[in-house]
Amino acid sequence: MDSSVTRAQAFGQAEINWDKLDKTKFYVVGAGLFTGLTMGLYPVSVIKTRLQVASGDAVERNAFSVIKGILRMDGIPGLYRGFGTVITGAVPARIIFLTALETSKVAAFKIVEPFKLSETTQAAVANGIAGLTSALFSQAVFVPIDVVSQKLMVQGYSGHQKGFGLSVMTYAPSSAVWWASYGSNQRFIWRILGNGTDLEKESPSQGTIVAVQATGAIIAGVTASCITTPMDTIKTRLQSWVGFESNGVGIGAWGGIPMCFDTLGRTSLQL
């Protein structure tokens, strides 16, 4: 058997593509897990948004002071302001995203296959295309929800489609970078572990697969955050419209480039 085919089969043992998915579990269980994950990380999103829209001296505050302020004013419920709105729209948007992701990933792999790229490069390109495509499909649903939830977080109101262009410019590249990094990282880690190079090696254990996927996801999250956090900060400012009316100027009035990266760590957690 051709070694490249054997390697592909070895990597395939650690992946579940669209044709292998149990669609019922994928949507029902996946929606439940996504809701739980969103609930767990939602306070991080609230804190990130508060920091991104802070102006003047408030820009210098850290996450702990923001948490204290929220708990003092609103208690625990303050950390979940807008959560109902997010879940209402985010679950359908996530279903659209994942469906587009998995189906377009299959098509993308077929497109790049004739180019005879390395396993790692092929995974990066195909996953990147799939991530970009799925983000574009899901934005029409997600952006209005994103705007409303951010305004609830900072107690302001405005148009639901404000910042749509910036949202696409933020989430589409972020999704492309995340999935490209995630796909290539997994291949790279598997090669280090000998899976795909040692053709006689037995299939990896479930624990090993989870560890590799988790490591790949962490690296992908950090990579995507470093690239897209400045645009995410600007998008949040525009959507919540805090600071523009009083300052009448751009990002420099809120703390310059360092402020753009102020929420980098919290953003990487959410990705």
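1. The model discussed here is a predicted one.

2. On the overall fold: the chain has 10 helices and 0 strands. Read from the N terminus, the order of elements is α-α-α-α-α-α-α-α-α-α. Of the 271 residues in the chain, 45% are buried. Among contacts with a separation of 6 or more, 80% are between residues 24 or more positions apart.

3. Which residues have the most contacts inside the largest nonpolar core? They are Y42, V46, I47, V66, I70 and V91, in a core of 16 residues. Three helices, α2 (23-53), α3 (63-74) and α4 (83-112), each supply at least two residues of this core. The biggest contribution is that of α2, which gives 6 residues. Apart from this core lies another one, of 13 residues, including F26, A135, W179 and A224.

4. V91 deserves a separate entry. Leaving out residues up to four places away in sequence, V91 touches A31, F34, T35 and V86. V91 is also one of the residues with the most contacts inside the largest nonpolar core.

5. Next, the packing of two helices. Two packed helices are described by the angle between their axes and the distance between the axes. For α2 and α3 the angle is about 105° and the axes are 10 Å apart. Therefore α2 is roughly perpendicular to α3, as angles of 65 to 115 degrees are counted that way. On the α2 side the contact is made by V46, I47, R50 and L51, and on the α3 side by A63, V66, I67, I70 and D74. By type, the residues of this contact are 7 nonpolar, no polar and 2 charged.

6. L79 is in the loop between α3 and α4. Is L79 buried or exposed? L79 counts as buried because its relative accessibility is 10%, and the cut-off for buried is under 20%. Not counting residues up to four places away in sequence, L79 touches Y42, P43, V46, I70 and L71. Among these, Y42, V46 and I70 are also listed with the most contacts inside the largest nonpolar core. L79 and M153 are 74 residues apart in sequence, and their C-alpha atoms are 8.5 Å apart in space.

7. S138 sits in helix α5, which covers residues 119-154. With a relative accessible area of 5%, S138 is buried. Where residues up to four places away in sequence are not counted, S138 touches A93, I96 and F97.

8. K116 is found in the loop between α4 and α5. Its relative accessible area is 73%, so K116 is exposed, the cut-off for exposed being over 50%. The phi angle of K116 is near 55°, which is a positive value in a residue other than glycine.

Conventions
Residues numbered from 1 in each chain as written. Predicted model: local features only at pLDDT ≥ 70, side-chain atom pairs only at ≥ 80, totals over all residues. Heavy atoms only, no water. Core = buried A, V, L, I, M, F, W, Y, C linked by side-chain atoms within 4.5 Å. Buried < 20%, exposed > 50% of the residue type's maximum accessible area, 1.4 Å probe, protein only. Helix = DSSP H or I, 4+ residues; strand = E, 2+ residues; numbered from the N terminus. Contact = heavy atoms within 4.5 Å. Axes fitted to C-alpha atoms, helices over the stretch in contact; angles between N-to-C directions. Parallel < 35°, antiparallel > 145°, perpendicular 65-115°, else oblique. Nonpolar A, V, L, I, M, F, W, Y, C, P; charged D, E, K, R; others polar.
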